[in-house]
Amino acid sequence: SDITMWYQLSSAASSLGNLLLARTALEQALHCNECYWPAIESLCTVLFALQDFPACLRVVTKGLELEPKFPRGIAYLHHIFQECPDLTYQFAELRIHLMTPCAPDYEKYIREATELKEKKDALSLVTVLEEPITPPKKL
């Protein structure tokens, strides 16, 4: 199905560090089904890794509508509001979730997003050669 194809594309793109492609694919998956849970969770992580915190909080909002104890969303919410307190005003409706304690594995979610960001950063260091490499000629 389309949703499966978009989700698999996002997984491949994420594993390669291409987070912009992963984001686009996950957004397309959610366009097919806005409640597709694997895409919601993955998109939160990708957006957090991209440090697009407002977009991440919008997806967290959707996740919390579907699952009020969404542990990944709560973890990102706590971290984002700590790092960017101004966003607590823009997303005032989410402040109530700050009373929900983070899951014991809170750091796991942050570490996962950090590792994705590191892959993305490593990808940007790759040098593209202007001319193809050709094998040496045989003697």
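Tyr-36 is placed in the loop between helix H2 (19-32) and H3, where helices (H or I, at least four residues) and strands (E, at least two) are DSSP runs numbered from the N terminus. The model is a predicted one, in which local features need pLDDT of at least 70, side-chain atom pairs count only at pLDDT 80 or more, and totals for chains, interfaces and linings use all residues. Residues are numbered from 1 along each chain as its sequence is written, and side-chain values use heavy atoms, with hydrogens and water left out.

With a relative accessible area of 22%, Tyr-36 is partly exposed; buried means under 20% relative accessible area, exposed over 50%, and partly exposed in between (1.4 Å probe, protein chains only). Not counting residues up to four places away in sequence, Tyr-36 touches Ile-3, Tyr-7 and Leu-30, a contact being heavy atoms within 4.5 Å. Tyr-36 and Ile-3 are 33 residues apart in sequence, and their C-alpha atoms are 8.4 Å apart in space.

Helix H3 (residues 37-49) packs with helix H5 (residues 71-83) at an angle of about 20°, and their axes are 10 Å apart. Axes are lines fitted to C-alpha atoms, for helices over the stretch in contact, and angles run from 0 to 180 degrees between N-to-C directions. H3 and H5 are therefore roughly parallel to each other; angles under 35 degrees count as roughly parallel, over 145 as roughly antiparallel, 65 to 115 as roughly perpendicular and the rest as oblique. The crossing in which H3 passes H5 is left-handed. A crossing has this hand if the near helix is turned anticlockwise from the far one by less than a right angle, and is right-handed if clockwise. On the H3 side, Glu-41, Cys-44, Thr-45 and Phe-48 meet Arg-72, Tyr-76, His-79 and Ile-80 of H5. The residues of this contact of H3 with H5 divide into 4 nonpolar, 2 polar and 2 charged. In this division Ala, Val, Leu, Ile, Met, Phe, Trp, Tyr, Cys and Pro count as nonpolar, Asp, Glu, Lys and Arg as charged, and the others, Gly among them, as polar.

The axes of H3 and H4 come within 8 Å and cross at roughly 155°, which makes H3 roughly antiparallel to H4. The crossing of H3 and H4 is left-handed. Residues Trp-37, Ile-40, Leu-43, Cys-44, Leu-47 and Phe-48 in H3 are in contact with Phe-53, Ala-55, Cys-56, Val-59, Val-60, Lys-62, Gly-63 and Leu-66 in H4. By class, the contact of H3 with H4 has 12 nonpolar residues, 1 polar and 1 charged. In the loop between H3 and H4 lies Gln-51, which has a positive phi of about 60° although it is not a glycine.

H3 also packs with H7, at an angle of about 60° and with the axes 8 Å apart. That makes H3 oblique to H7, and H3 passes H7 in a right-handed crossing. In this contact Thr-45, Val-46, Phe-48 and Ala-49 of H3 meet Ile-110, Glu-112, Ala-113, Leu-116 and Lys-117 of H7. The contact of H3 with H7 comprises 6 nonpolar, 1 polar and 2 charged residues. Helix H7 (residues 106-124) also holds Ser-124, which counts as exposed at 57% relative accessibility. Ser-124 and Gly-17 are 107 residues apart in sequence and 9.0 Å apart in space, C-alpha to C-alpha.

The structure holds 4 aromatic pairs. Rings of Phe, Tyr and Trp (its six-membered ring) pair if their centres lie within 6.5 Å; planes under 30 degrees apart count as stacked, over 60 as edge-to-face and the rest as tilted. Trp-37 and Phe-70 form an edge-to-face pair, 4.8 Å centre to centre with 65° between the planes. Trp-37 lies in helix H3 and Phe-70 in the loop between helix H4 (53-66) and H5, so the pair ties together parts that are 33 residues apart in sequence. Trp-37 counts as partly exposed at 26% relative accessibility, whereas Phe-70, at 0%, counts as buried.

The rings of Phe-48 and Tyr-76 have centres 4.4 Å apart and planes at 15°, so this pair is stacked. The pair links distant parts of the chain, with Phe-48 in helix H3 and Tyr-76 in helix H5, 28 residues apart. Both Phe-48 and Tyr-76 are buried. Together with Phe-53, Phe-48 and Tyr-76 form one aromatic cluster.
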